[in-house]
Amino acid sequence: MTTISSASPSPLTLFDFNGIGDLPDFEAISPEHFEPAFTAAMSSQLQEIAAIANNSDAPDFENTVGAMERSGQALRRVSATFHALAGAHTNDALQAVEREISPRLSRHWSAISLNAPLFARVEALYNQRETLGLDAESFRLLERIHTGFIRSGAELKGADRDRLAGINARLSELGTTFSQNVLADENAFTLPLSPADVAALPGWLASSLADAAHERGQEGYVLTLSRSVVVPFLTYSPDRTLRETAFNAWVMRGEHDGPTDNRPIISETLALRAEKARLLGYASFAAYKLEDTMAKTPDAVRALLEEVWEKARSRALQDAEKLAAIAAEQGDNAPLQPWDWRYYAQIRRQDEFNFDESELKPYFQLERMIEAAFDVATRLFGVTFSAVPNAVAWHKDAHVWRVNNAAGQEIGIFIGDYFARSSKRSGAWMSALRSQHKLDSGSQPIIYNICNFAKPAKGEPALLSMDDARTLFHEFGHALHGLLSDVTWPSLSGTSVARDFVELPSQLFEHWLSVPAILEKHATHVETNVSLPVELISKLEAARGFDAGFDTVEFTASALVDLALHEAETPPESPLAQEAFLLQELGMPQAIVMRHRSPHFLHIFSGDGYSSGYYSYMWSEVLDADAFEAFTETGDAFDGATAARLHSHVYSAGNSRDAAELYHSFRGRMPTSAALLRKRGFAN
C-alpha cells in the first residue's frame with residue numbers, strides 16, 4: 001500500500017470536513033490516504049486517553065467522563081468517512097484497507113475499554129454518582145459508560161483480558177470477510193435474458209434489467225441479485241426455470257465452495273462469541289447481548305416470536321394451499337416451491353382484490369417519494385429540506401440537502417444515495433458522517449441514507465414498488481432520529497439507543513406513507529401527473545394484510561434461528577445443519593425460506609450489531625403499531641400535540657433516558673402485542 005511521505009501534510013488534513021455542506025473532500029480522498037490517517041488518529045486518541053487515565057488529580061466528571069467524550073474526534077471523522085465509502089462506493093483497494101484496519105480498530109477500542117487506570121477513575125465516579133450533583137443526562141452518561149466498561153471486560157484479569165482483546169479482533173476480521181464475500185457473490189452473478197424472457201415483465205422492470213446490462217458493459221438485459229430487481233422478477237416472470245435459477249442464486253449467496261464460502265466463518269464466529277460470553281460471565285452470547293436491551297432475556301424474545309409464529313405459520317399454510325390450487329389451474333401441478341410463491345401470490349392478489357401492485361409503480365416516482373418523506377417530516381416536526389448546490393458526496397448519485405428547523409435555523413445535512421450499483425453493499429441503511437451533540441461548540445449532524453433501488457435506463461424515470469417506497473420511508477425515519485437529536489453528550493446522540501428501540505423511529509415513519517393526504521399529494525402518475533386514484537388507494541388498503549403469513553414467517557424464522565444459534569452454550573458443529581433442524585422443529589412451510597439464510601445474514605454475521613437481535617424489528621413493531629394508534633385515536637395522522645410528544649420523547653431524545661421510560665413518556669403507558677397483531681391482520 002502506498003504511504004504518505006514525511007514531507008506531506010498531516011494525514012488527517014483531508015478529513016477536516018471543510019467541503020461544501022461541511023462534507024469531507026471526497027474527490028481528494030483516495031484509498032491510500034486511509035491507513036496513515038487511521039494510524040495517526042488512533043495514536044492521537046490513545047495519547048488523549050493516557051492523559052485522562054494518568055491524571056494525578058482526583059477523578060471528577062469533567063476531567064474523566066467529559067474528557068473521554070472529547071477524545072477521538074479525528075478518529076471519528078476518519079472512521080465515518082471510510083465506512084461511508086466502504087459501504088456505498090467500495091473497490092478492491094478500499095476492501096484491502098478494510099481487511100487491514102478492522103482488527104486494528106478492534107484492538108484500539110479494546111485498549112481503551114480494558115485500560116485499568118481509566119476504568120478505576122470511572123468506577124470511582126460511578127460509586128459516588130448520587131453525590132455528584134449531575135443533571136439527568138450526565139447521570140445517564142456516567143451509567144452508560146460504566147456499563148460499557150463492564151460489558152467490554154474491564155473487570156477481567158490477566159490472560160482473560162488479552163484473550164478477550166484477541167477474540168474481538170478476530171471477530172472484526174471475520175465480519176469484514178463475511179460482508180465482502182456476500183458482495184463478491186452478488187457481483188459475480190448475472191443472468192443474461194433475451195427479449196422473449198422479458199416480454200411478459202412490466203416495462204419498468206425491463207428498463208432496470210437493461211440498465212443493469214449497460215452498467216456491466218453487456219447488451220440486452222441482465223438479472224442481478226439486487227433485491228429491488230430479483231424480487232419483482234420472481235413476482236412477474238412466468239418462466240419457472242428462470243425463477244428457480246434466480247431464486248437459488250439469491251439464497252445461496254455465501255454458500256459456495258471457494259474463497260467466498262461463509263460457512264467456516266459462521267462456525268468460527270459462533271464459537272468465538274460463545275467464548276466471549278463465557279469470559280464475561282454469561283451462559284450464552286444471546287444472554288450477554290440481550291441483557292442491555294428492552295427485552296433483557298432470550299425467554300422474553302422467544303415469547304414474542306413464538307406468539308406471532310404460530311399465527312403466521314397457520315395463515316401461511318392456508319395461503320400455500322390456495323397458491324397451489326391457482327398453479328394447478330394454470331397447468332402447473334408440481335409442488336409449490338419458494339421460487340413460485342411470489343408469482344402465484346401476485347396472481348391471487350389480482351383475482352381476490354382486482355389489484356396488481358405493478359399498477360402502483362407509475363405513481364411512485366423516486367423523486368416524489370423523497371418529497372413525500374420530507375413533507376411528512378415538515379408536517380410532524382416543522383423541519384424543511386433544501387438542496388445544497390455543488391455539494392459533492394462519494395458518488396454522483398448521492399444528493400445533499402440542508403435541513404432547517406421550524407424557526408429557519410440550520411440543524412444538519414442529509415445525504416440520500418438510492419440506486420443499486422456493483423460498488424455498493426446490498427440492503428438499505430442509515431448512518432452518520434457526523435453526529436449531533438451540544439458539547440463545547442456543539443456539532444450539527446450529517447446523516448445519510450443508502451438504498452439499492454433498481455436504476456432505470458438512461459432518460460427513464462426511477463419508479464419504486466410499494467415495498468421500495470416503504471424502505472425509503474423506513475430509512476428516512478432513522479435519518480430523522482439522527483437529524484432531530486438534541487442531546488449534550490456525543491455518546492448519547494441520535495440512534496445510540498437499545499437495539500430493540502432503534503427501529504421504532506424508522507418503522508413508525510413507514511405508517512405515514514399510506515396516509516391518504518400524502519398519497520394524494522405525492523403519488524402522482526409519471527406521465528399524466530394525476531394523483532393515485534381513490535379506487536387504487538381503496539384496493540391498496542383492502543390488500544394491506546395480503547400475504548402477511550408469508551412475510552411474517554420468513555422474518556420470524558430468521559429471528560428464531562438467530563436467537564437459537566447464539567443461545568447455545570456450545571455452538572453447533574455445523575450451523576447450517578442446525579439451521580435446517582431448527583426450521584424442521586418449527587414446522588417451516590416447505591414453500592417459504594428464511595428471509596436471510598445464515599451464509600448471507602449480514603445483520604448478524606457482518607458484525608454483532610444485530611446478533612441475537614434480529615427480533616428487534618418485531619419488538620419495535622409492537623412499539624410502532626401502538627405508537628401510530630396514538631395518532632389515529634385523535635383522528636389526525638399529524639396531530640400537533642401527539643407529534644410534539646413524539647419529537648420530545650423519541651426522535652430528539654437519543655439515549656438520554658432509558659428506552660422504556662422514553663416510550664412511556666410519549667404514550668403514557670407501555671404497549672402490548674395487540675396493536676401488532678391488528679396491524680398484521682392476525683387479531684381474532
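This is a predicted model: local features need pLDDT of at least 70, side-chain atom pairs count only at pLDDT 80 or more; totals for chains, interfaces and linings use all residues.
Trainee: At about what angle do helix α5 and helix α6 pack?
Mentor: Residues are numbered from 1 along each chain as its sequence is written, and side-chain values use heavy atoms, leaving out hydrogens and water. Helices (H or I, at least four residues) and strands (E, at least two) are DSSP runs numbered from the N terminus, and axes are lines fitted to C-alpha atoms, for helices over the stretch in contact, with angles from 0 to 180 degrees between N-to-C directions. The axes of α5 (residues 116-127) and α6 (residues 136-151) are 10 Å apart, at an angle of about 135 degrees.

Trainee: What does that make α5 and α6 to each other?
Mentor: Angles under 35 degrees count as roughly parallel, over 145 as roughly antiparallel, 65 to 115 as roughly perpendicular and the rest as oblique. At about 135 degrees, α5 and α6 are therefore oblique.

Trainee: Is the crossing of α5 and α6 left-handed or right-handed?
Mentor: Picture the near helix turned from the far one by less than a right angle: anticlockwise is left-handed, clockwise right-handed. For α5 and α6, the crossing is left-handed.

Trainee: Which residues of α6 make the contact?
Mentor: Contact means heavy atoms within 4.5 Å. The α5 side brings Leu118, Phe119, Val122, Glu123, Leu125 and Tyr126. Facing them on α6 are Leu142, Glu143, Ile145, His146, Phe149 and Ile150.

Trainee: How many residues of the contact of α5 with α6 are nonpolar?
Mentor: Ala, Val, Leu, Ile, Met, Phe, Trp, Tyr, Cys and Pro count as nonpolar, Asp, Glu, Lys and Arg as charged, and the others, Gly among them, as polar. Here one residue is polar and two are charged, while the nonpolar ones number nine.

Trainee: And α16 with α17: what is the crossing angle?
Mentor: Take α16 as residues 366-381 and α17 as residues 466-483. Their crossing is right-handed. Their axes come within 10 Å and cross at roughly 40 degrees.
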